[in-house]
Amino acid sequence: MKINKWLATILMLVIAISGLVAIAMAAEAIDPGAILDKANLKNGESIYNTGKRAKGAHLAFTAGPNWLHVEGGGCAECHGKRGWGNTMPTFCTTRTPPVTYKYLAGNGYPFTARQDGSHPVYTMRAFKTLMRAGIKSNGYEADFCMPRYRISVDELRDLMGYLIKLDDD
Ligand code: HEC
């Protein structure tokens, strides 16, 4: 009898904890509606296409190929105007992955350019870590070709807004 009670208690705990984990994970998922509500899409588009904010200032970054430092340019330079990737940028050794919302956060789209496994769904937190520190959602360090940007949380939201919009095309 006693053992049964223990088992029941442990089972309840396990169920409660997994419930909390599920809630926490759902709360982390990117909510396109909430992003689009607040995102400044003009700014996101400008960063994506030119590497400059809508107001004109360049985003600073480390890593990335030398020509990007010299000539400037945005995400589109490597991931393509429509975000479909699959290009081999000059002096890079890795093909670019697609980066629109559905590829990053859709149902576990299992593609990364490199041979390091599928990538788990991107949350805004994972997106921030990738964009600033170059660590992908699968925990691997991104190739040097992918710049590490100095980008604010608001700007990351603007950019994600534009990556959501790119799926409409
Ligand atoms: C000079 C080329 C270049 C530029 C510019 C660039 N990227 Fe990348 N990006 C890459 C490459 C190459 C990879 C693949 C890295 C790897 O898998 O190791 C990558 C990876 C990524 C990933 C990871 C996707 C995954 O499957 O895990 C995201 C997200 C991303 N880039 C978004 C952006 C955004 C947003 C910008 C603009 C602010 C940008 N990139 C600018 C080359 C570039």
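**View 1. Helix 8 of the predicted model, residues 153–165.** The helix is made of 13 residues, and its first and last C-alpha atoms are 18 Å apart, close to the 18 Å expected at 1.5 Å a residue. The buried positions of helix 8 are L156, R157, D158, L159, M160, G161, Y162, L163 and I164.

**View 2. Cover over the buried residues of helix 8.** Among the elements that cover these residues are helix 2 (32–38) and helix 3 (41–50). Helix 6 (101–105) and helix 7 (124–133) are also included in the cover.

**View 3. Crossing of helix 3 and helix 8.** Two packed helices are described by the angle between their axes and the distance between the axes. Here the axes of helix 3 and helix 8 come within 7 Å and cross at roughly 85°. Because angles of 65 to 115 degrees count as roughly perpendicular, helix 3 is roughly perpendicular to helix 8. Helix 3 contributes L41, N43, G44, E45, I47 and Y48 to the contact, and helix 8 contributes E155, D158, L159, G161, Y162 and K165. By class, the residues of this contact are 5 nonpolar, 3 polar and 4 charged.

**View 4. Shell of residues around the ligand.** The ligand has 30 residues around it, of which C75, C78, K136, D143 and M146 come nearest. Helix 5 (residues 76–79) supplies the largest share of the shell, with 3 residues. The shell divides into 18 nonpolar, 8 polar and 4 charged residues.

Technical notes:
Residues numbered from 1 in each chain as written. Predicted model: local features only at pLDDT ≥ 70, side-chain atom pairs only at ≥ 80, totals over all residues. Near = placed C-beta within 6 Å. Helix = DSSP H or I, 4+ residues; strand = E, 2+ residues; numbered from the N terminus. Nonpolar A, V, L, I, M, F, W, Y, C, P; charged D, E, K, R; others polar. Expected span 1.5 Å × (residues − 1). Buried ≥ 20, exposed ≤ 12 C-beta atoms within 10 Å, placed from the backbone. Contact = placed C-beta atoms within 7 Å. Axes fitted to C-alpha atoms, helices over the stretch in contact; angles between N-to-C directions. Parallel < 35°, antiparallel > 145°, perpendicular 65-115°, else oblique.
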